[in-house]
Amino acid sequence: MITVGGAAGTGKTLLLLDLAMALSKKKMVLFITGGRLSEGYHTINDRLRKVSICEAEQAAVSDEYAYVLIDEAGRVDPDTLERLLGQVKKERVPCVVAYDSYRLLSKDADLQRTQTIIIRHSTLNLVFSGNIRINRHVFAFLCTMFHLKEMPPHHDYSSIDILYASDAKEADVIVRYYEEKGYVKIPLPEGRGMDHTDEVPGLMAGIEYDSVVITLDSRFYYNEETYLCASGDNADALLTLLYEGISRAREKLCLVVIGHEELFGRILQIRQN
């Protein structure tokens, strides 16, 4: 089994879709996604006769398929992933698995188990670097924001706005202004709805936008090692949502920090670097 790791936006899904189209010219291909089936997936399913695209929970590997491609493996329930890879091994079907290597760095128990499963089944691991979904300046900002010591020089951050709001009411006014300019708001909810990014508006797998606006509240902070952290029981999930949300911005990004002057100052420092 070949595994392909890389951060969000490095082209893993495009690679697997291209593989699916190429391999399906002669044999049947099962394409499994750990996300939800978007309209684009349904269109591909209709047009490619020898490619079957389905969500992981409904997927089953059989001798009908000559190849199996699994995208967004980090989003697949560990038991489901173990079942699918077990079927791959039993049927001796060539398989390529793509996953977000950053997601698997989380302390979340399920994600750590997923990482263990992928490593155990992998025979060859490839790693994607760089980014093709968002421009290199937004990507550099994203990396720096999650660890302030990683400050790459000579980046133009003019496409990124960092604003401060004293409270939620003021933040709503700012967000509405940016939405009128065409920005898409990606919320960072609390509690329910944080375990699967496809359940958060704007974060369906494979969807990105020209411009994104996100609010950050008092749950976020920097530790002594200058790593961005979050408080609460769902801290890892919250950081994942933030990372995913920023990675959806192809061209422009606006971050609105609510009532947290220290956080605002440290993020603004990146913008002014």
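This report walks through the sheet, its packed helices, the aromatic pairs and the cysteines of a predicted model.

**The sheet and its helices**

Let us start with the sheet. It is open and has 6 strands, which pair in parallel in the order β3-β2-β4-β5-β1-β6. The edges belong to β3 (51–55) and β6 (124–127); each has a single partner strand, so one side of each is left without a neighbour in the sheet. On average, neighbouring strands here are turned by 15 degrees against each other, direction ignored.

For a look at one pairing, take strand β2 (residues 29–33), which joins β3 in the parallel sense over 5 bridges. Within this part of the model, I32 has C54 in β3 as its bridge partner.

Helix α1 (residues 12–23) packs on the sheet and touches β1 (2–6), β2, β3, β4 (67–71) and β5 (95–100). The direction of α1 makes about 160 degrees with that of β4. Helix α3 (residues 78–91) lies across β2, β4 and β5, and runs at about 155 degrees to β5.

**Aromatic pairs**

Next come the rings. The structure holds 6 aromatic pairs, and two of them are set out here.

| Pair | Centre to centre | Angle between planes | Geometry |
|---|---|---|---|
| F141 and Y157 | 5.7 Å | 75 degrees | edge-to-face |
| F146 and Y243 | 5.7 Å | 85 degrees | edge-to-face |

Buried means under 20% relative accessible area. F146, at 8% relative accessibility, therefore counts as buried, and Y243 is buried too, with a relative accessible area of 6%.

Elsewhere among the aromatic residues, Y177, Y178 and Y183 form one cluster.

**Cysteines**

How many disulfides does the model hold? The count comes to 0 disulfides, where the rule asks for a pair of cysteine sulfur atoms within 2.5 Å. C95 counts as buried because its relative accessibility is 6%, and C229 is buried with a relative accessible area of 14%.

Methods:
Residues numbered from 1 in each chain as written. Predicted model: local features only at pLDDT ≥ 70, side-chain atom pairs only at ≥ 80, totals over all residues. Heavy atoms only, no water. Buried < 20%, exposed > 50% of the residue type's maximum accessible area, 1.4 Å probe, protein only. Pairing = 2+ DSSP bridges. Helix = DSSP H or I, 4+ residues; strand = E, 2+ residues; numbered from the N terminus. Axes fitted to C-alpha atoms, helices over the stretch in contact; angles between N-to-C directions. Contact = heavy atoms within 4.5 Å. Phe/Tyr/Trp six-rings, centres within 6.5 Å; stacked < 30°, edge-to-face > 60°.
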